[in-house]
Amino acid sequence: MSDHSKPVTEDVVPSELRQSYKDNSIVPLWESVPATSFGKQIEEAQIWRWSTMLPIIQETAKMRATHVLDRRVLLMTNPKRLHVWDEAGTGPLMFDFQCVMPGERAGAHRHPMNALRFVVQCTGGVKSIVDGKDCVMEPGDLILTPGWCWHEHVNEGKDPIIWLDVLDVMLHHFLGTTGFQPGPARDVRPQLADSAFTAAGIVPKLDGSDHASRSYSPIFRYPWVDAVRALVASPAAPDGSREVRYGNPLTGGPSMDLIDSTLLQLESGKSTRKYKSSAAAMCFVVEGHGVSQIGEKTIEWSPHDVFTMPANLWASHQAKGGTARIFQVSTREIYRRLGLFTEAFGE
């Protein structure tokens with residue numbers, strides 16, 4: 001056997017030089033994890049099952065420590081994260097389940113990170129206040145809290161509310177643009193009433209106004225009933241699926257600058273066309289049962305499960321036993337604006 005066939009087990013770096021690397025925070029390129037991982041698929045699809053998550057959320061809700069009350073949040077993180085600062089679930093997206101108990105109020109605050117809330121469970125009496133605008137929270141509703149908008153959450157109902165948060169926190173960590181301002185809310189900008197957008201394709205003329213220059217939708221609450229109505233009316237793809245985007249009525253673009261949200265409907269028994277892109281996505285099963293093939297992994301899902309579609313993996317979905325609806329959030333807009341977005345379709 002030649003010496004070239006033997007695995008390298010010795011450190012070829014002299015001990016004094018190795019210590020110099022360590023003392024001066026130096027990593028030689030041949031030992032760099034990112035540099036030696038180019039072209040490799042590091043992340044695989046993950047699933048957090050509601051049957052597992054709900055009991056954990058309920059037990060967490062029993063905690064009454066002061067520092068917990070405003071932060072009863074459970075992050076779902078990529079098990080292959082590389083360091084303690086990496087709390088993303090897939091790509092740069094961070095997502096979690098949050099619970100607010102009856103009589104509780106999550107105090108007003110704001111930050112540069114964009115966030116959205118998708119209501120999972122609620123029996124009424126709950127609202128978010130976003131830049132002074134009351135947003136009722138009912139199951140299936142999407143509530144936006146764009147960067148630097150004041151927001152707080154109030155539960156005046158009889159039961160806990162659970163919602164799904166999705167944020168672009170990890171992008172801001174990388175860019176060094178994180179921040180946090182506690183309330184009370186101040187210098188709140190005037191908002192447009194949602195009634196100004198009651199007719200599709202007809203919007204207020206806002207040339208030169210503060211509203212026209214904002215990079216997010218003037219609508220902060222997208223009711224579930226409206227989303228379903230739009231979904232049912234949308235054209236079906238050849239595979240029978242239907243999909244709608246939560247958009248900004250003033251621009252026709254995504255509801256928030258860097259986070260793209262869609263709602264997908266699947267008809268039972270037919271797989272969707274395979275798809276992959278350079279953007280990662282989080283999927284929340286609103287209704288129905290089914291299975292997804294994501295890369296080499298097969299994931300069976302049920303209502304309120306959360307699963308991921310990592311970047312650059314072929315994915316297809318199939319509903320079983322009836323219609324299914326999946327809320328999806330992706331990093332598409334980040335990559336598109338950087339000129340790095342790619343996508344491909346299979347059979």
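How many bridges join E6 to strand E9, residues 151-155, and in which direction do the two strands run? Five bridges join them, and the strands run antiparallel. I shall return to that pair after some remarks on the model as a whole.

The model is a predicted one, in which local features need pLDDT of at least 70 and side-chain atom pairs count only at pLDDT 80 or more, while totals for chains, interfaces and linings use all residues. Residues are numbered from 1 along each chain as its sequence is written, and side-chain values use heavy atoms, with hydrogens and water left out.

First, the overall picture. The chain contains seven helices and 20 strands; these are DSSP runs numbered from the N terminus, with helices being H or I of at least four residues and strands being E of at least two. The C-alpha trace spans about 75 × 50 × 50 Å along its principal axes. The radius of gyration, taken over C-alpha atoms, is compared with a globule rule of 2.2 Å times the number of residues to the power 0.38. For 347 residues, a compact globule would have a value near 20 Å, and the 23 Å of the chain agrees with this.

Of the 347 residues, 47% are buried. Here buried means under 20% relative accessible area, exposed means over 50%, and partly exposed lies in between, with a 1.4 Å probe and protein chains only. A contact requires heavy atoms within 4.5 Å. Among contacts between residues at least 6 apart in sequence, 73% join residues at least 24 apart.

Let me now return to the opening pair and its sheet. Two strands pair if DSSP finds at least two bridges between them. An open sheet of five strands has the order E7-E6-E9-E4-E11, and its pairing is antiparallel. E7 and strand E11 (181-182) stand at the edges with a single partner strand each, so one side of each is left without a neighbour in the sheet.

Within this sheet, Ile-129 has Glu-152 in E9 as its bridge partner. Strand E6, residues 126-130, is also joined to E7 by four bridges, and these two strands run antiparallel. Ser-128 stands opposite Cys-135 in E7. The hairpin of E6 and E7 has two residues between the strands, and Asp-131 takes a positive phi near 45° there.

Which residues form the covered face of strand E7, and which the uncovered one? Lys-133 and Cys-135 form the covered face of this strand, residues 133-136, whereas Asp-134 and Val-136 form the uncovered one. In a regular strand the side chains alternate between the two faces of the sheet.

A second open sheet has six strands in the order E2-E3-E10-E5-E8-E12, again with antiparallel pairing. Its edge strands are E2 (73-75) and E12 (221-222), each of which pairs on one side only. Strand E8, residues 142-145, is joined to E12 by two bridges, and the two run antiparallel. Tyr-222 in E12 is the bridge partner of Leu-142.

Ser-316 lies in strand E19, residues 315-330, and counts as buried at 12% relative accessibility. Leaving aside neighbours within four places in sequence, the contacts of Ser-316 include Thr-272, Lys-274 and Val-291.

His-172 belongs to helix H4, residues 169-175. With 10% relative accessibility, His-172 counts as buried. Not counting residues up to four places away in sequence, His-172 touches Pro-112, Met-113, Asn-114, Thr-177 and Thr-178.

His-304 is placed in the loop between strand E17 (297-301) and strand E18 (306-309). Its relative accessibility is 17%, and His-304 therefore counts as buried. Beyond neighbours within four places in sequence, His-304 is in contact with several residues, among them Trp-50, Phe-97 and Phe-284.

Finally, some backbone geometry. Most residues other than glycine have a negative phi, and most peptide bonds are trans. The peptide bond from Gly-183 to Pro-184 is cis, with omega near 10°. Pro-184 lies in the loop between E11 and helix H5 (210-213). That loop also holds Asp-187, which has a positive phi of about 50° although it is not a glycine. Asp-187 counts as exposed at 72% relative accessibility.

Ser-25, in the loop between helix H1 (15-23) and strand E1 (47-48), has a positive phi near 55°. At 71% relative accessibility, Ser-25 counts as exposed.
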